[in-house]
Amino acid sequence: MNHSYIAVDWGSTNLRAWLYRDGKCVDSQQSTAGVTRLEGRTPAQVFQQLIAPWQQQGLPVLMAGMVGSDAGWVPAPYLRCPISLSEIAHRLTPVEQATSANVRIIPGICIESEDNLNVMRGEETQLVGAYATHASEFYQLPGTHSKWVRLEGDSVVDFSTVMTGELHHLLLNHSLIGSGLPEQTADSAAFAKGMEQGFYDSSLMRRLFEVRAARVLGKLAKTSVSDWLSGLLIGHEVAQMQQHYSLSREHGPLVLVGSPALTQRYLPALKMAGIQAQVIEGDAAFQAGIRSIVNELEN
């Protein structure tokens with residue numbers, strides 16, 4: 001098998017790339033040239049500057065993320081669920097505008113049903129890698145838009161999106177909750193208290209204002225609002241998704257895929273819910289996913 005290729009995670013705000021030769025990562029780079037931060041350049045120009053120098057020997061390039069969105073370089077389709085993870089490798093979109101041949105974009109995944117309209121782009125590659133190394137029925141990928149995914153065998157049959165990360169950012173930076181706050185500091189006790197409230201109380205809309213009230217009344221330090229709010233939102237997310245998917249120990253471990261900073265925040269909430277969890281680092285899952293797709297293409 002040819003284990004020499006270039007893997008690119010090209011999102012809205014960042015671009016990260018890895019050069020593999022004979023199965024080993026020999027170089028990597030990252031840039032703030034996400035598809036929404038091109039600063040007047042085209043995606044083709046960014047590719048030519050950052051990626052093309054690696055491709056002098058015609059190495060295949062596999063790209064995932066928002067580069068395949070309608071705001072990216074070339075729109076790659078969303079594959080409808082249920083979809084086998086192994087099928088993704090055979091539904092790649094070629095980038096004909098690339099200066100070199102053999103540049104392709106990995107498709108996203110979607111659900112269109114009466115009670116669930118959902119899309120993911122980028123996470124599907126992490127899923128491919130996570131399933132290859134940690135096969136399970138349920139996966140959670142926390143982030144700006146947290147994904148909860150159910151598989152049957154290697155097929156994605158259902159997933160949900162919870163805007164926990166984006167909501168935290170908006171409330172802290174663009175609402176009364178975060179108005180006039182000083183620089184925030186880590187406060188594990190505030191996070192734990194917020195998480196417990198969010199998990200056991202379904203009245204999230206009412207609890208959100210209490211984040212501000214607790215600070216105004218001196219029950220919450222001004223520097224701890226971020227952690228209290230984070231705990232409240234994460235606790236509520238886990239409680240709602242546990243109920244939605246009827247998660248219990250009988251399902252076996254849920255696989256948590258993400259950065260250590262995020263997964264460490266979700267683990268206590270999952271423990272509170274009685275959900276067993278295994279953790280895989282997000283970049284490791286992404287790179288394992290690219291490797292699995294390359295292998296599938298060669299079989």
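Reader: What makes a residue in the lining of the largest pocket nonpolar, polar or charged?

Author: Residue type decides it. Ala, Val, Leu, Ile, Met, Phe, Trp, Tyr, Cys and Pro count as nonpolar, Asp, Glu, Lys and Arg as charged, and the others, Gly among them, as polar. On that basis the lining of the largest pocket divides into nine nonpolar, 15 polar and seven charged residues. This is a predicted model, where local features need pLDDT of at least 70 and side-chain atom pairs count only at pLDDT 80 or more, while totals for chains, interfaces and linings use all residues. Residues are numbered from 1 along each chain as its sequence is written, and side-chain values use heavy atoms, with hydrogens and water left out.

Reader: What makes a space a pocket and not a cavity?

Author: The way out. On a 1 Å grid over the protein atoms alone, a cavity is a set of points where a 1.4 Å probe fits but cannot get out; a pocket is an open set with protein on both sides within 12 Å along at least five of seven lines. Lining residues have an atom within 4 Å of a point. The largest pocket has a volume of about 1000 Å³. Its lining takes 31 residues, and Asp9, Gly11, Arg121, Glu123 and Thr144 are the closest to its centre.

Reader: Why do you say that the largest pocket lies between the domains?

Author: Domain 1 (1-121) and domain 2 (123-298) both give residues to its lining, so the largest pocket lies between them. The domain bounds come from an automatic or database domain assignment. The centres of the two domains, taken over C-alpha atoms, are separated by 25 Å. Their contact (heavy atoms within 4.5 Å) takes 34 residues from domain 1 and 28 residues from domain 2.

Reader: Which element gives the largest share of the lining of the largest pocket?

Author: H8, with three residues. Helices (H or I, at least four residues) and strands (E, at least two) are DSSP runs, numbered from the N terminus.

Reader: What is the volume of the second largest pocket, and what lines it?

Author: Its volume is about 320 Å³. Of its 14 lining residues, the closest to the centre are Gly143, Thr164, Gly165, His168 and Leu262. Helix H3 (164-174), helix H6 (225-245) and helix H7 (260-272) each give two or more residues. H3 gives the most, with five. By residue type, this lining divides into three nonpolar, eight polar and three charged.

Reader: How many helices and strands does the protein chain have?

Author: Eight helices and 15 strands.

Reader: Why is the protein chain called as compact as a globular protein of its length?

Author: Set the value against the rule. The radius of gyration, taken over C-alpha atoms, is compared with 2.2 Å times the number of residues to the power 0.38. The rule gives 19 Å for 299 residues and the chain has 21 Å, which is close, so the chain is as compact as a globular protein of that length. The C-alpha trace spans about 65 × 45 × 35 Å along its principal axes.

Reader: Why does Arg207 count as buried?

Author: Buried means under 20% relative accessible area, exposed over 50%, partly exposed in between (1.4 Å probe, protein chains only). Arg207 has 18% relative accessibility, so it counts as buried. Arg207 sits in helix H5 (residues 204-216). Neighbours within four places in sequence aside, Arg207 is in contact with Gln197, Asp201 and Leu232. Across the 299 residues of the chain, 51% count as buried.

Reader: And why is Pro253 called partly exposed?

Author: Its relative accessible area is 29%, so Pro253 is partly exposed. Pro253 lies in the loop between H6 and S14. With neighbours within four places left aside, its contacts are Ser136, Phe138, Gln276, Ala277 and Gln278.

Reader: What puts Asp22 and Glu39 among the exposed residues?

Author: Asp22 has 68% relative accessibility, so it counts as exposed. Glu39 has 73%, so Glu39 counts as exposed too. Asp22 is in the loop between strand S2 (15-21) and strand S3 (24-31). Glu39 is in the loop between S3 and helix H1 (43-50).

Reader: Which residues does a cis peptide bond join?

Author: Cys81 and Pro82, with omega about 0°. Pro82 is in the loop between strand S5 (78-80) and strand S6 (83-84).

Note on methods
Points joined across faces, edges and corners; volume = space filled by probe spheres on them.
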